[in-house]
Amino acid sequence: MSDADDVRSAWSRITHWLEKHAPDDHAALRPGAPEADLAALEDGLGFPLDPALRALLSVCDGVVPRVASDEPGAFVIGHSLLGAGQALEGQRHLAARAAEFAEEGYEDEVGRTAHARWVPFARSVTGDLLFVDHRETGYGTVGELSFGDPDHERPWPGLAVMLDDLATAMEARVPLFVVGRRPVVHEGRMLEWPTA
């Protein structure tokens, strides 16, 4: 199986679980992005999407935007999935930040807290991001960027592994030790990930 196939398989497990145990989160899911939107995203990025991220966007073009933390849709360890347009917007923001760092003489920040080849796919209410790295070194790895921290973390080697880990933690109701969080269903309607 390819990474794209693994993403679709894990996604099927996640959506089945959400439908049964966290129906408000399931209702927040948007259908997959059409091919034209994925092509527009790649045109805007100026490089092809990692196949795993492309597969995720093709089955789910993000969730209904959240305004407050008590609204559903943040079932990806406290982050809400972004659609293709939001992913491009997020990448452009990171690219602009990286360019600003370079212009101001803070080149060491480029690749630590921002990079033009990081493509966000999920965001928390506070603005923290999950992204897929599209640089040659680290290609396909999943990073977590918390804007209060000086460095990003790389908890997963790829999106397919991450989604499989999420599905397993949700199904078994066990902690996700790689990020120190555990799945808890709130009010029988939405998934939360408090500290393990």
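The legends below describe close-up views of a predicted model.

**View 1. Strand S2 and its two antiparallel neighbours.**
Strand S2 covers residues 118-123, and because five of these six residues are buried, the strand is largely enclosed by the rest of the structure. Strand S1, made of residues 80-81, pairs with S2 in the antiparallel sense over two bridges, and within this pairing leucine 81 has alanine 122 of S2 as its bridge partner. Strand S3, residues 129-133, also runs antiparallel to S2 and is joined to it by five bridges, with tryptophan 118 standing opposite aspartate 133 of S3.

**View 2. The hairpin turn between S2 and S3.**
Strands S2 and S3 form a hairpin in which five residues lie between the two strands. Within this turn, glycine 127 has a positive phi of about 100 degrees.

**View 3. The aromatic pairs.**
Two aromatic pairs are counted in the model. In one of them, the ring centres of tryptophan 11 and phenylalanine 75 are 6.2 Å apart and the ring planes stand at 40 degrees, so this pair is tilted. Tryptophan 11 belongs to helix H1 (residues 3-21), while phenylalanine 75 sits in the loop between helix H4 (51-59) and S1, so the pair ties together parts that are 64 residues apart in sequence. Tryptophan 11 and phenylalanine 75 are both buried. Tryptophan 118 and phenylalanine 131 form a stacked pair, with 4.2 Å from centre to centre and 15 degrees between the planes. This pair links tryptophan 118 in strand S2 with phenylalanine 131 in strand S3, 13 residues apart, and both residues are buried.

**View 4. A charged side chain over an aromatic ring.**
Arginine 117 lies over the face of phenylalanine 47, at a distance of 4.2 Å from the ring centre.

**View 5. Helix H5 and its packing.**
Helix H5 comprises the 20 residues 84-103, which at 1.5 Å a residue should span 28 Å, and the 29 Å between its end C-alpha atoms agrees with this expectation. The buried residues of H5 are Ala84, Ala87, Leu88, Gly90, Gln91, Leu94, Arg97, Ala98 and Phe101. After H5 comes glycine 105, whose phi is positive, near 85 degrees.

Key: Residues are numbered from 1 along each chain as its sequence is written. This is a predicted model: local features need pLDDT of at least 70, side-chain atom pairs count only at pLDDT 80 or more; totals for chains, interfaces and linings use all residues. Side-chain values use heavy atoms; hydrogens and water are left out. Buried means under 20% relative accessible area, exposed over 50%, partly exposed in between (1.4 Å probe, protein chains only). Helices (H or I, at least four residues) and strands (E, at least two) are DSSP runs, numbered from the N terminus. Two strands pair if DSSP finds at least two bridges between them. Rings of Phe, Tyr and Trp (its six-membered ring) pair if their centres lie within 6.5 Å; planes under 30 degrees apart count as stacked, over 60 as edge-to-face and the rest as tilted. A charge sits over a ring if NZ of Lys or CZ of Arg is within 6 Å of the ring centre and within 35 degrees of the ring normal. The expected span of a helix is 1.5 Å times one less than its number of residues.
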